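Thanks for coming, everyone. Please have the view open.

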Amino acid sequence: MTTKERYSQVLEWFIQNAPDAKSELNFSNNFELLVAVMLSAQCTDKRVNMVTPALFKQYPDAKSMAQTSVTEILDLISSISYPNSKAQHLHDMAVMLEKEFQGVVPNTPEELQRLPGVGRKTANVMMAVAFDQPAMPVDTHVFRVSNRIGLTNNGKTPLDVERVLVKHIPTDLLSKAHHWLLLHGRYTCTARAPKCDQCGISEFCKFHKSSK
């Protein structure tokens, strides 16, 4: 199977079977999404969703979060992974949002990555989810699934994988494909003991064919 054929088959399967794939983070505006994505680094969406209701009630916008202390933010996110650094990043991000962007989340990757605690993946999530722009955020699930099923050929870094995916996936499907690969990795193509017997794309999968 050629790379082009594999992409075509995999994307078509997801189009037919997961047309409504979307983020599992709970949010109601761009500021809340940015906070949730920052908290989700190396942490489950389920855990983030348990923490954010109280956090958003206390700090519904950049102004209120910028005016509080790091310690007060930390108290509300203590069950999240790496809470100390994330509390600092959230506070500093909110301060910059207020100071340089009038409290409005910027809508370009370059400006987003100027914010403390916001790297390429988080910026790409914001572009894809908040601003409906073609982007391919590569987290651990997307990275693993892409390499495992053969969409990428042993990409060494998230950026390597992102570049290959962007090259082969049609622009209008790019952001949706991020959710397809992420959710497939979260629930089916898991890091340990992937559920190949329950996988709808196993016949197009390089790993599955090589493991037979």
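First, what I call a helix: a DSSP run of H or I with at least four residues, while a strand is a run of E with at least two, and both are numbered from the N terminus. This is a predicted model, so local features need pLDDT of at least 70 and side-chain atom pairs count only at pLDDT 80 or more, while totals for chains, interfaces and linings use all residues. Residues are numbered from 1 along each chain as its sequence is written, and side-chain values use heavy atoms, with hydrogens and water left out.

A cavity is a set of points, on a 1 Å grid over the protein atoms alone, where a 1.4 Å probe fits but cannot get out. A pocket is an open set with protein on both sides within 12 Å along at least five of seven lines. Lining residues have an atom within 4 Å of a point. Points are joined across faces, edges and corners, and a volume is the space filled by probe spheres set on them.

How many cavities of 30 Å³ or more does a search of the whole structure find? Two. Take the second largest cavity, at about 40 Å³. Helix 1 (3-17) and helix 11 are the elements that give two or more residues to its lining. Helix 1 has the largest share, four residues. Tyr7, Val10, Leu11 and Phe14 are among the lining residues, and so are Trp180 and Leu181.

A word on classes. Ala, Val, Leu, Ile, Met, Phe, Trp, Tyr, Cys and Pro count as nonpolar; Asp, Glu, Lys and Arg as charged; the others, Gly among them, as polar. By that count, the second largest cavity is lined by nine nonpolar residues, no polar and no charged.

The largest cavity has a volume of about 70 Å³. Its lining has eight nonpolar, two polar and two charged residues. Cys189, Cys196, Cys199 and Cys205 are among them.

On to the pockets. The largest holds about 400 Å³ of space. It is lined by 23 residues, and Ser40, Lys121, Asp139, Leu182 and Arg186 lie nearest its centre. Which helix gives the most to this lining? Helix 11, with five residues. Helix 8 (120-130) and helix 9 (140-149) each supply at least two. The lining divides into nine nonpolar, eight polar and six charged residues.

The second largest pocket holds about 240 Å³. Helix 6 (83-101) and helix 8 each give two or more residues to its lining. Lys121 lines this pocket, as do Met38 and His89, among others.

Next, helix 2, residues 30-39. Nine of its ten residues are buried, meaning under 20% relative accessible area with a 1.4 Å probe and protein chains only; exposed is over 50%, partly exposed in between. Glu32 is one of the buried residues, and so is Met38. Helix 3 (45-58), helix 4 (62-67), helix 6 and helix 8 are included in what covers them. At the N-terminal end, Asn29 is the cap: a side-chain oxygen lies 3.1 Å from the backbone nitrogen of Phe31.

Last, Phe101, in helix 6. Why does Phe101 count as buried? Because its relative accessibility is 11%. Leaving aside neighbours within four places in sequence, Phe101 is in contact (heavy atoms within 4.5 Å) with Met96, Pro106, Glu111, Arg114 and Leu115. The C-alpha atoms of Phe101 and Glu111 are separated by 9.5 Å.

Technical notes: Polar contact = N/O pair within 3.5 Å; in protein donor to acceptor, adjacent residues only side chain to side chain.
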